[in-house]
Amino acid sequence: IQAAREKSAQLILQRAMDLKTSLPVLLVGDFNATAGRNKVYDLLVNEEGFTDSWNSTKERRGEIVHTFHGFNGPAQGDNRIDWILTRGPVMTEASQIITFAQKGQFPSDHFPVVAWLRLGN
C-alpha cells in the first residue's frame with residue numbers, strides 16, 4: 001500500500017508540474033499518511049512541489065488534534081493525514097481542524113481541516 005501511495009504522489013506532483021501555470025493549485029484530501037512523517041508527504045511537500053497550508057499559516061485556530069478519530073472524538077497531537085496543499089501564489093491566513101459534534105455524534109470519522117487562503121500576489 002505504501003508503494004502505491006508513493007507512486008500516486010509522484011504522479012500527482014508530475015501532473016501539477018505539467019500544468020505550467022502561474023495560477024494557484026490546491027491539492028486537498030485524506031492522504032492516509034502522517035504529515036511530516038511519511039515519504040508521501042516528502043514527495044509532495046518541498047521547494048519544487050507543494051506547501052502545506054498547516055505549516056505556512058499565519059494563525060492556527062482551535063485545538064491541534066489527530067484528523068482521523070474513528071468516531072471517538074479528539075485526541076491531542078499533530079497526526080494529520082488530511083492535508084490542504086498549495087502551489088503557486090497562495091497565502092494561508094489561518095488553518096483549523098474542526099472538532100464539531102452534535103449530541104456526541106460526529107459527522108465523519110475524520111475531522112475536517114480548513115484553511116482561509118488568499119489567492120494571487
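## A buried charge and its partner

At 19% relative accessibility, Glu-6 counts as buried. Buried means under 20% relative accessible area, exposed means over 50%, and partly exposed lies in between (1.4 Å probe, protein chains only). This is a predicted model: local features need pLDDT of at least 70, side-chain atom pairs count only at pLDDT 80 or more, and totals for chains, interfaces and linings use all residues. Residues are numbered from 1 along each chain as its sequence is written, and side-chain values use heavy atoms, with hydrogens and water left out.

Which residue forms a salt bridge with Glu-6? The partner is Lys-39, and the closest N and O atoms are 4.0 Å apart. A salt bridge here is a side-chain nitrogen of Lys or Arg within 4 Å of a carboxyl oxygen of Asp or Glu. Lys-39 lies in helix H2 and Glu-6 in helix H1, so the pair ties together parts that are 33 residues apart in sequence. Helices (H or I, at least four residues) and strands (E, at least two) are DSSP runs, numbered from the N terminus. Lys-39 is partly exposed, with a relative accessible area of 45%.

Side chains of opposite charge can pair when their charged atoms come close. How many salt bridges does a search of the whole structure find? The search finds six.

Asp-52 forms a salt bridge with Arg-80, with the closest N and O atoms 2.8 Å apart. Asp-52 lies in strand S2, while Arg-80 lies in the loop between strand S3 (60-61) and S4, so this pair ties together parts that are 28 residues apart in sequence. Both Asp-52 and Arg-80 are buried. Glu-93 forms a salt bridge with Lys-58, and here the closest N and O atoms are 3.6 Å apart. Glu-93 lies in strand S5 (residues 90-97) and Lys-58 in the loop between helix H3 (53-56) and S3, so the pair ties together parts that are 35 residues apart in sequence. Glu-93 is partly exposed, at 22% relative accessible area. Lys-58 counts as exposed, at 58%. Salt bridges with shared partners also join Asp-52, Asp-78 and Arg-80 into one network.

## The nonpolar cores

In soluble globular proteins, nonpolar side chains tend to be buried together. A nonpolar core is a set of buried Ala, Val, Leu, Ile, Met, Phe, Trp, Tyr and Cys residues joined through side-chain atoms within 4.5 Å. The largest such core has 16 residues. Those with the most contacts inside this core are Leu-27, Phe-31, Val-40, Leu-44, Phe-50, Trp-83 and Leu-85. Which element gives the largest share? That is H2, with four residues.

Val-40 shows how parts meet. Leaving aside neighbours within four places in sequence, Val-40 is in contact (heavy atoms within 4.5 Å) with Gln-2, Arg-5, Glu-6, Ala-9, Ala-33 and Trp-83. A second, separate core has seven residues, including Val-65, Ile-84, Ile-97 and Phe-111.

## Strands around S4

Is S4 mostly covered or mostly open? S4 is mostly covered, with five of its six residues buried. Two strands pair if DSSP finds at least two bridges between them. S1 and S4 pair in the antiparallel sense over six bridges. Val-28 has Ile-84 in S4 as its bridge partner. Strand S2 (residues 51-52) also pairs with S4 in the antiparallel sense, over two bridges. Asp-52 stands opposite Leu-85 in S4.

Strands of a sheet pair through backbone hydrogen bonds, either parallel or antiparallel. An open sheet of three strands has the order S3-S5-S6, with mixed pairing. S3 and strand S6 (113-119) stand at the edges, each with a single partner strand, so one side of each has no neighbour in the sheet. S5 and S6 run antiparallel, joined by seven bridges. Gln-96 has Val-114 in S6 as its bridge partner.

## A loop residue

Asn-38 sits in the loop between S1 and H2. Asn-38 is buried, with a relative accessible area of 15%. Leaving aside neighbours within four places in sequence, Asn-38 is in contact with Gln-2 and Ala-33. The side chains of Asn-38 and Gln-2 make a polar contact (2.9 Å). A polar contact is a pair of N or O atoms within 3.5 Å; within protein, one must be able to donate a hydrogen and the other to accept it, and residues adjacent in sequence count only if both atoms are side-chain atoms.
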